[in-house]
Amino acid sequence: NICWTGIIKGQRLFLVVMSTFVKQPIICLIFMFVFLLICRIFHGKFLPYVDNRANVASDISFHMMFLLCIINLIQACFATRGTVAKGPELVLIKVLNQTEKIFLIWIPVIVIISYPLFLCLKKAKFCKSPNCSEHSGD
C-alpha cells in the first residue's frame, strides 16, 4: 500500500539535491553513501517490484552505486589532503579511475549489446523446437 514510484523518485531526487547543493565533496559522499545504504536495506526488505528480475536489477544498481560512491570517497579524501599523489597513491588513483570507467562505460555497453543478442538466441532456440509455428506445417 506504499506508493513505490514516489519513494523511488524521491530517492533519486535526494541524490541529485545532495550532489547539487552540498559543496564539500567528502560530506556529500558520506551522506550519499549512508542514504544509499538505508535505501538498499529498505529495498531488500520490501522488494518493491513485482517482477523478481526488476528487484535483482535494482540490487545490482545499488551495488554499482555503492562501489562508485566508495571510489569517489577515496578520491575525495586524497584530493582534500592538498598534496600531489605520488608512488602507490598515484597507482591507486589510476586504478580507481579505470574501475570507475569500467562501471560507468563498459558494463552498460556490454549489457546493452548482449541483451538483444540474448533475445535473438532465445528466439532462434524457440524456433528450433517443435512448438515453433514455422515447423507446424511439416
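Biologist: To begin with, are H1 and H2 roughly parallel or roughly antiparallel to each other?

Modeller: Bear in mind that this is a predicted model. H1 and H2 are roughly antiparallel to each other. Helix H1 covers residues 4-21 and helix H2 covers residues 25-46, and their axes cross at roughly 170°. Angles over 145 degrees count as roughly antiparallel, so the crossing of H1 and H2 falls in that class. The two axes come within 10 Å, and H1 passes H2 in a left-handed crossing. On the H1 side the contact is made by Trp4, Ile7, Ile8, Gln11, Phe14, Leu15, Met18 and Ser19. On the H2 side it is made by Cys28, Phe31, Met32, Phe35, Leu36, Cys39, Phe42, His43 and Phe46.

Two residues from that contact can be followed further. With a relative accessibility of 11%, glutamine 11 counts as buried, because buried means under 20%. Residues up to four places away in sequence are not counted here; beyond them, glutamine 11 touches Phe35, Cys39, Phe42, His43 and Phe62. Of these, Phe35, Cys39, Phe42 and His43 are among the H2 residues in the contact with H1, while Phe62 is one of the buried residues of H3.

The other is histidine 43, which lies in helix H2. Histidine 43 is also buried, at 3% relative accessibility. Its contacts, leaving aside neighbours within four places in sequence, are Ile8, Gln11, Pro48, Ser58 and Phe62. Ile8 and Gln11 are among the H1 residues in the contact with H2, and Ser58 and Phe62 are among the buried residues of H3. For isoleucine 8, the C-alpha atom is 9.7 Å from that of histidine 43, although the two residues are 35 apart in sequence.

The phi of leucine 47 is near 45°, a positive value in a residue other than glycine. Most residues other than glycine have a negative phi. Leucine 47 is partly exposed, with a relative accessible area of 44%.

Threonine 5, found in helix H1, is 44 residues from tyrosine 49 along the chain, yet their C-alpha atoms are separated by 9.9 Å. Threonine 5 counts as partly exposed, at 49% relative accessibility. Tyrosine 49 is also in contact with serine 58.

Serine 58 is found in helix H3 and is buried, with a relative accessible area of 11%. Leaving aside neighbours within four places in sequence, its contacts are His43 and Tyr49.

H2 and H3 pack at an angle of about 160°, with their axes 9 Å apart. That angle makes H2 roughly antiparallel to H3. The crossing of H2 and H3 is left-handed.

H3 itself has 29 residues and reaches 42 Å from its first C-alpha to its last, close to the 42 Å expected at 1.5 Å a residue. Its buried residues are Asn55, Ser58, Phe62, Met64, Phe66, Leu68, Cys69, Ile71, Gln75, Ala76 and Phe78. They pack against H1, H2 and H4.

That leaves the packing of H3 with H4. The axes of H3 and H4 come within 10 Å and cross at roughly 150°. H3 is therefore roughly antiparallel to H4, and their crossing is left-handed. From H3, the residues that meet H4 are Met64, Leu67, Leu68, Ile71, Asn72, Ile74, Gln75 and Phe78. They meet Glu89, Leu92, Ile93, Leu96, Asn97, Thr99, Glu100, Phe103, Leu104 and Ile107 in H4.

H4 spans residues 88-128, which is 41 residues, and reaches 55 Å between its first and last C-alpha, close to the 60 Å expected at 1.5 Å a residue. There is a kink of about 35° in H4, centred on isoleucine 102. The buried residues of H4 are Ile93, Leu96, Glu100, Phe103 and Cys127. Helix H3 is included in what covers them. Ile93, Leu96, Glu100 and Phe103 are also among the H4 residues that meet H3.

Methods:
Residues are numbered from 1 along each chain as its sequence is written. This is a predicted model: local features need pLDDT of at least 70, side-chain atom pairs count only at pLDDT 80 or more; totals for chains, interfaces and linings use all residues. Side-chain values use heavy atoms; hydrogens and water are left out. Helices (H or I, at least four residues) and strands (E, at least two) are DSSP runs, numbered from the N terminus. The expected span of a helix is 1.5 Å times one less than its number of residues. The bend at a residue is the angle between axes fitted to the seven residues ending there and the seven starting there. Buried means under 20% relative accessible area, exposed over 50%, partly exposed in between (1.4 Å probe, protein chains only). Contact means heavy atoms within 4.5 Å. Axes are lines fitted to C-alpha atoms, for helices over the stretch in contact, and angles run from 0 to 180 degrees between N-to-C directions. Angles under 35 degrees count as roughly parallel, over 145 as roughly antiparallel, 65 to 115 as roughly perpendicular and the rest as oblique. A crossing is left-handed if the near helix is turned anticlockwise from the far one by less than a right angle, and right-handed if clockwise.
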